[in-house]
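Please look over the structure below.

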Amino acid sequence: MSKRPKRLLALLLIALLLLGVTGCGGGESGGTDGAEDIRLLVWAPSEDQAQASGEWLQTCCENFAAQHPEWNITFNYGVADEATSASTVAYDPEDSADVFMYANDNITVLTDAKALAKIGGKYADQIKSFTSEALVDSVSLDGYLYGVPYTTNTWYMFYDKSVFTEEDVKSLEAMLAKGKVAFPFTNSWYLPAFYVGNGCTLFGNANQEDLGVDFGGDNAVEVTDYLIDLVNNPNFVVDADGAGMAGLRDGSIHAIFTGSWDAPSIKEILGDNMGAAAPPTYTLNGETKQMLAYAGSKAIGVNAHSENMVAAVELAIYLGSAEAQKLHYDLRSTIPSNTELMTHEDIAADPVVIAQNDTFDRTSILQPTVSAMGNCWTPVENMGKAIRNGTTTHDNAAEQTRGMNEAMNSNGIS
Amino acid sequence: MKEKKLKSAKAARTRNNILIHILLAVLAFIWVFPVLWVIMTSFRAEKGSYISTFFPKAYTLDNYIKLFTDTTILNFPKMFVNTLIIAIFSCLLTTFFQLSASFCLSRMRFKMRKPYMNMAMILGLFPGFMSMVAVYFILKAVGLTEGNLIRFALILCYSGGAALSFQIAKGFFDTTPYAIDEAAMLDGCTRWQVFTKITLPLSKPIVIYTVLTAFIGPWVDFIFAKVICRANADQYTVAIGLWRMLEKEYIDNWYTSFAAGAVLISIPIAILFLKLQKYYVNGTAGAVKG
């Protein structure tokens, strides 16, 4: 009868499934040389581990193991990029990597989940010895240090040197007079630069949640009025969905605002004409104001649930050390933050490094890490869109600006 | 006079037909447009994620080649195979669970039948991803969130709830007269034989429908795959891979390959549908006379 083959088939399928399942399972290697056997799970973005970009993570981890004969370390690697690792770690810290990388704007997500180890004592001193104070602050919360910063994370300006001189790029008005400038006007990571530049504050610009957001005063209304005129400037282009990069490619746009992740593409398009500079100033009612970008950092965090805490912390510090950062720069052009490296001739001459560090030091504010910051993104984005679409005009600018401020100070529920 | 009237009726009909066809053509264009656009983008030679012209300025196959050769950062072939394995096994399991449950509820009478159907109805009102974190912790407790076991875990996730969505197949089985089952049993069939030899062949359209939906579910799912795969890049499914291509670090380089990937993932579904659609027509035609 034909029912038997079918039953057989079903059995076979189940057996296949089970077979596919039992193929793995690691064996512990016994230490014979007296070294302690430990396992470390490390998560990093896939480019840090890819063969094509030089296997930075593996190289560094092996160097680290060679420096520590007291441990017999087995490394396991996983893929989690800085921007999304926090949410992945947060829902199950116990089963996450011992060492992982995160963007500092997610720090409260991680500390709320009790996933980040506090680093203190000699380790904290070691980190502070090669990291600028502002960068240390970016991964500190309530006086505790929560990671090893290894690069800054901000945006600035890339421009075509054949169109703008170094003098031009200091002022947005001078640039608009000479060429086309694209700005991600509807992206709330970029747009607040104008408001913050005119004295608007977020949580006192010092992570004080109870101070709230001050984006509704007369100074904010002035900025809204300025932005309405800016959008109507024929040389100003609203950059959305990659329009800026496309314009740079076909030559119709001469400057865009973005970060180091786009630097290789821009280098390919502009070649030797690529210039990079901190965000320019803008002229508001005759006064010169500096645009101030949001800045943050990327850091190496240690899991508070790690079973090998000492090794994990030392590995994190090694991954943030001058040696590892130099390799990271050579292999992946990750902008170093280590103060010892800033004097290195290759690094000191790189225009992207100069622009990023100049932005971090001079023309940025630390992006607030308090959780109420989560309410600040959508209202600003909506303001950008409303100005672009022409629904916010000089007539209702004051009212709309105050509406934005109200929305930024409310979580939408209470 | 009479002829003129006839002529004008004919003219009116022609006019109406033309108008209707124009309307249909416009609607068809609107409907096909996004699909066409993705296909054209997948052959676009210009880089970047922003286009100023509808038709690409130059055509190339490089986007497809890149998907299969540039595998160090986003390993598309591996993801494709992962997804295919998961989708095939979940499809088989889901189809079996779902049709069996439907058959039992349609043909048998037992005490828990009504309560079960009510419970399934109520559970079905909640979105599946509501339980995803709980599902993750259960799978972790059983030890299914490591290495290759992730595939098994995903298959379980996708097929585990199959017996709850019996409504459509049960409704279809209900339309097959019970007299056919009785006749088969008089001839000595067991329940299992009635199910496999009588009911299923008579219900081809619904079997096909079940197979298709059971395949497409895991094939396009993002949420469960993301929650369960976590940092295990070698277990990623295409949905996660395509999503990653649009992150800010990758979008400029990968956008056109993203479109190529979107075209590629539609191929297995299209093949499955074309192969199976001829069975849609049949059903109970000619089963019971009088």
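## A buried pair across two chains

Asp81(A) and Arg244(B) are both buried in this predicted model. They form a salt bridge. The closest N and O atoms are 3.4 Å apart.

Asp81(A) sits in the loop between β2 (71-79) and α3 (82-90) of chain A, while Arg244(B) belongs to helix α12 (residues 238-245) of chain B, so the pair joins two chains.

## Other salt bridges

Over all chains, the count is 16 salt bridges. Side chains of opposite charge can pair when their charged atoms come close.

In chain B, Glu46(B) pairs with Arg44(B) in a salt bridge, at 4.0 Å from N to O. Arg44(B) is buried, because its relative accessibility is 2% and the cut-off is under 20%. Glu46(B) has 22% relative accessibility and counts as partly exposed.

Another salt bridge links Lys66(B) to Asp70(B), with 3.9 Å from N to O. Asp70(B) is partly exposed, at 28% relative accessibility.

## Cavities

How many cavities of 30 Å³ or more does the structure hold? There are 2.

Residues of chains A and B line the largest cavity. Among them are Asp81(A) and Arg244(B), the partners of the salt bridge described above. Chain A also supplies Val79(A), Ala80(A), Thr84(A), Ser85(A) and Thr88(A).

By type, the lining divides into 3 nonpolar, 3 polar and 4 charged residues.

Definitions and conventions
Residues numbered from 1 in each chain as written. Chains lettered and ligands numbered in written order. Predicted model: local features only at pLDDT ≥ 70, side-chain atom pairs only at ≥ 80, totals over all residues. Heavy atoms only, no water. Salt bridge = Lys/Arg side-chain N within 4 Å of Asp/Glu carboxyl O. Helix = DSSP H or I, 4+ residues; strand = E, 2+ residues; numbered from the N terminus. Buried < 20%, exposed > 50% of the residue type's maximum accessible area, 1.4 Å probe, protein only. 1 Å grid on protein atoms, 1.4 Å probe; cavity = no way out; pocket = protein on both sides within 12 Å on 5 of 7 lines; lining within 4 Å. Points joined across faces, edges and corners; volume = space filled by probe spheres on them. Nonpolar A, V, L, I, M, F, W, Y, C, P; charged D, E, K, R; others polar.
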